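Open the model in a viewer and keep the selection tool at hand. The stops below say what to select next and what is there.

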Amino acid sequence: MKMHFFAAFSLSLLITPFLSPCNAQTNNTTFRVGVILDADSLVGLIGNTSLSQALSDFYSTHSNYSTRIVLNVTDSRGHVTDAADRALYLLKDVKVDAIIGPQETAQANFVIGLGDAAKVPIISFSATSPSLHYHTPFFLQTAIDDSAQVDAVAAIVKYFKWSQVVLVYEDSDYGNSLTPYLSNAFQQVNARVSYRGPIPISATNDFILQEMYKMKTMQTRVFVVHTTSPLASRIFLKAKEAEMISEGYVWIVTSGIVNLFYSLDSKVVESMQGVLGVKPLVPIPTKLRETSLYGLWAYDTLWALALAAEKVGFTEQPSSSPNTTTLFINETSLTGPKLRAAMLETEFEGLAGKFKLVDSKLKSSSFQILSINTEGLREVGIWTPLSETNANMTGFSGEKLENIVWPGESRNVPKGWEVPVSGKKLRVGVPAVGGFPQFVKVDTDSKTNATKITGLYIDLFDAVMAALPYAVRYEYFPFKRSNGSHSASYDDYSNEVYNGNFDAAVGDITITSKRSELIDFTLPIEEGGVNIIQKLGYDVDPNDKWFFWRPLKWELWLTTVALLILTGVAIWILEHRYNTAFRGPPSEHLGLILYIPFMSIVYANRERIVSNLARLVVVVWIFVVLILNSTYTASLSAGLTTLEPQKIYTDLSKLVRNNHSVGCREGSFIIEFLKGLNFTDKNIKLYKSPEEFDEALSNRNITAMFARTTYTNLFLSKYCNKYMTVGTPNITKGVAFVFPRGSPLVADVSRAIIKLTDNQRILEIRGHWIRDQLACNGDDSTKDTSLRISLKSFEILFGITAGITGTCVSVFLVAYMYTNRDFIRRVVSNSGATTWSKLRALFRHFDQIDPGSSLSKKGGNNTGNASPDFNAYRCYNGDRESASESGSFSPRSDHAMLDADHHPSSSPA
C-alpha cells in the first residue's frame, strides 16, 4: 500500500507543474530536483507532503515566473546503500540540478560526497547533525543545527541548580554527534555528566529495561534524552515500567523528539507526562499547531529552491569531468554552483520563520521550553541565546520558568538526586596506611581476612552521615594502588574518587586547589595550617657545674673585672700618700688594689678611707655593685625556673640558606609546599610514622618537622615536653571529606558538619582520640623569659663609674704634679739619667707620704706607727726626706737619688 501511495504521489508531483496556470507559458525553464526520502518513515511522509504542497502553492502564487521545478522522488528505504544508489541514479541518469535529502545523518554523510564531486547542492531539512556542514560547501542544511539547542537544555539544568545529569542517547551518528556538545554545555553551567547511556537502534525492549534499572540505582535523577522519535517511544515506555516517571525524576528531551510529538502513540504520550522538551521557536498559526517542524522546514526548502531557480534563470548541460575524485561521477554540473550561490542569498519569511542560511545552515533562533501533559505540549518558558556579558543569567524570558508539572504530577522542583533505592552501598575509600593510627587505622585479621577500620575521621564520618535527614548506606574500602601496594600519595587517593573507583573518600585529606579541580570537598572538619616542630633543647643546663656563669654574658664579666681592678687602682692612687693602710711593699699594694673593691661588694673591708676623692670612688663603685648584684641574683633565679630553648629557627629562609634538612609525611601535600619555599629534594626527608619523626629529630637528621595542625597536636600529645612548635602556622584550607565533582551529597554533608560543630559533637569525638595540647605547645611569649644580661645594659652605669673614678684620679694627679712641679722638672731635665731611672725616681717620690697629710705631721713623734719599710726608707733618705718636707730638694739630693737608681750596687744596704 505504501509503495502504491508513494508511486502515485511521485506521479502527481511530476504532472503538477503542467496542470497549473503557469502552463500557459511555453518557454519555461525546467530545473530537475531529486528527492531522497524514506517512504516508510514518518519524516519521509511528512516531507513529501510538504514538498508537494509547497510546489503547488509557490507556482500558484508566482505564475508569471519563467522557471519551473520538477521533483524526482526516490525511496532510500532507510538504508545508507539505497540512499547512495538513489543519489547516483539522480546524478548520472536524471542529471538533476539539486537534491533534497537525504533524510538521515548516516545517509547524508555518503550522499554529500557524491554531491560535492558532481557540484550539485545537497539540501536537507531533516539531517540536523552538527558535524555535517563541515564536509563540503555543497551541503545546505535548511534546518536548525542540533547543536543550537544544547545551551537551552543546559540553561534548564542551570536554572534549577542541578549538578549532575545522565545522558541517554542513540548509539548512532545522529546521537553520538551531539554528545560532545551537550557535555561541554553542561560543563559551562557547572554540571557534570555522571553517566552516559548509549542505546543502540536495534536494542531489544529487555535491554532498554535493564538499562533503565541500572540508571535507577544511581544517585542522579536528571535524564537528558537525545534519540530519534521511534527509539524515544520505547525508552519512555520502559522508563514508566521501571517506575522512573514518578516524583523526584527529571526528564528532558531534545527537539528531534518534540518535533514529532503529535505523531506519537497515546500510550507513549501518557508515559511522558511531566517531561520537559526544547523546540525552536516558530510562529506557527493555530491551524498548523500540530504540524511537524520537519514539514515546515521542507515547505520552506522547496520555496527557497524555487526562488533560487528563478534567480539563476536557466540551466546548463553538465560537463564531462574525467578528473573527478569519485569513480562513480564523470560529469559535473554547471547549474549546481549557481543554484547554491542563489540559495545562500535567498531570504524570506517562511512558515518556520525567517529563512536565511548562515554558514550553509539555517540561522538558529530562540527555543521554546515545553512541558508535556495530558493536553499535549504547554509552553513554560522561552530561551534566547545570551551574550558573553550576560553569562550569569539563564536566558529565559523574565529569568523564570512557570507552572511546571513534574513527573508524578508533582509541582515540587526535584532535587536532581536521590539516595539509590537498590542494595548498592556507597564505596567509601580510606587510606590503608595512615601513619598516625589515631586518624585512620586499618586492621586485617590474618585468619578470617576481616577488615576493621577505626580512627578519628571514621568516627567523624559516621557521626556526620548519621546526622543526615535520610539514610545512606556505605561501606569502607582501604585504598590500594593498582600494583597492590598500600603506599601512595593523597593526590592519587583523591584521584580514585575522580575516576569513579570510590563514591567518597575519608581520612586526613587536606583541601588544596589542585585537588579541588577534580573533586568536591565538604566544609572542613579540622582546622588548617602547617606547623614547624623542632626539638626542645636549652642553652642552660641547671646541672652544669659552670651554671653560675650563665646569668651574665662574657663581655659583661670581663668588663666588671676590669672595672674592679680600675677602681682598686684608683683607690690606691688616691689613698697611698695619705693613708698608712695603703703603704708597704709592692706585694701589699697589689693585694689592696684587688682586695678593697672586692670586699666592698659585701661591705667587709676594714681599711679606713681618708681621701674625699677616694670616698667618692668607693660610693659610686658600691652603687654599681648593688645594681650588678641584684641583676645577677634575679637572672640566676630566673634561669633555674625558666630555660631558654636552643637554636630555634622561626625564619624559614634561614633553614633554606643554611641547607638544613627538614622532614614531612610521605605522600603529603606539604612536599609541594616545601618545594615552593625553595627547599631542594635532597633536603626534604619523608617519613611515615611518629616514631620515625621522633628518631630523625632526636638524632638531628632533620632540623625541623613540617606537619599539619592535626598532626602536630597528635605528635606533641605523644612526645609532650620533648618537642615544640615554633613560628606562626602557615594557613591552609583544612581537612574535609571528598566526593565526586558535583555530588549532591556535598551540600547535605556540609550542613551536617555545621550542625555537629554547633552542638560540640565534633569536639567531643576529637577529644576522645587526641588529648589537649596546650601544655605541650610552644608559646612565643615564654620562649626567652630567661634573660642573660649583656654589657649594653650597663653601659651608662659603667660609664658614670669610670667617669667619676677617672675624674677623681685626674684631679689628684694634677694637684700632685702642680705641688711638686719643681722636682718633676729637675728629674725630667736631667740628661744624664736614663728614662727608666727617671721613672723610678718619680715613682719613689710619689711613694713618699704627702708632707701636708696628718700622717706626715705625726711621723716624727710616732714613727712606730709606720710600716718597717717606711721607717727604713726614712733612715735611708734622711736628708732628702727633710728636703721633701720643706717642699724642696737640693740638686745634689736629686742627683744622688738618680745615681742610686742608676748605680744600684753602690746604694747602702
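Buried means under 20% relative accessible area, exposed means over 50%, and partly exposed is what falls in between, with a 1.4 Å probe and protein chains only. This is a predicted model, in which local features need pLDDT of at least 70, side-chain atom pairs count only at pLDDT 80 or more, and totals for chains, interfaces and linings use all residues. Residues are numbered from 1 along each chain as its sequence is written, and side-chain values use heavy atoms, with hydrogens and water left out.

**Stop 1: an aromatic pair**

Select Tyr 159 and Phe 160. Their rings form an edge-to-face aromatic pair, 4.8 Å centre to centre with 90° between the planes. Rings of Phe, Tyr and Trp (its six-membered ring) pair if their centres lie within 6.5 Å; planes under 30 degrees apart count as stacked, over 60 as edge-to-face and the rest as tilted. Tyr 159 counts as partly exposed because its relative accessibility is 24%. Phe 160, at 14%, counts as buried.

**Stop 2: a second pair**

Next select Phe 461 and Tyr 474, another edge-to-face pair, at 5.2 Å centre to centre and 80° between the planes. This pair links distant parts of the chain: Phe 461 is in helix α13 (residues 456-466) and Tyr 474 in strand β21 (residues 474-479), 13 residues apart. Helices (H or I, at least four residues) and strands (E, at least two) are DSSP runs, numbered from the N terminus. Phe 461 is buried, with a relative accessible area of 1%, and Tyr 474 is partly exposed, at 22%.

**Stop 3: an aromatic cluster**

Select Phe 58, Tyr 59, Tyr 65, Tyr 299 and Trp 303, which form one aromatic cluster. The whole structure has 29 aromatic pairs.

**Stop 4: two helices**

Show α3 (residues 80-94) with α4 (residues 105-118): their axes come within 8 Å and cross at roughly 20°. Axes are lines fitted to C-alpha atoms, for helices over the stretch in contact, and angles run from 0 to 180 degrees between N-to-C directions. The angle makes α3 roughly parallel to α4, a term for angles under 35 degrees. In contact (heavy atoms within 4.5 Å), α3 residues including Val 80, Ala 87 and Leu 91 meet α4 residues including Ala 106, Phe 110 and Leu 114.

**Stop 5: a covered helix**

Finally, select α22 (residues 709-718). How many of its ten residues are buried? Eight are, so the helix is mostly covered. Among them are Thr 709, Tyr 711, Phe 715 and Ser 717.

How values were computed
Parallel < 35°, antiparallel > 145°, perpendicular 65-115°, else oblique.
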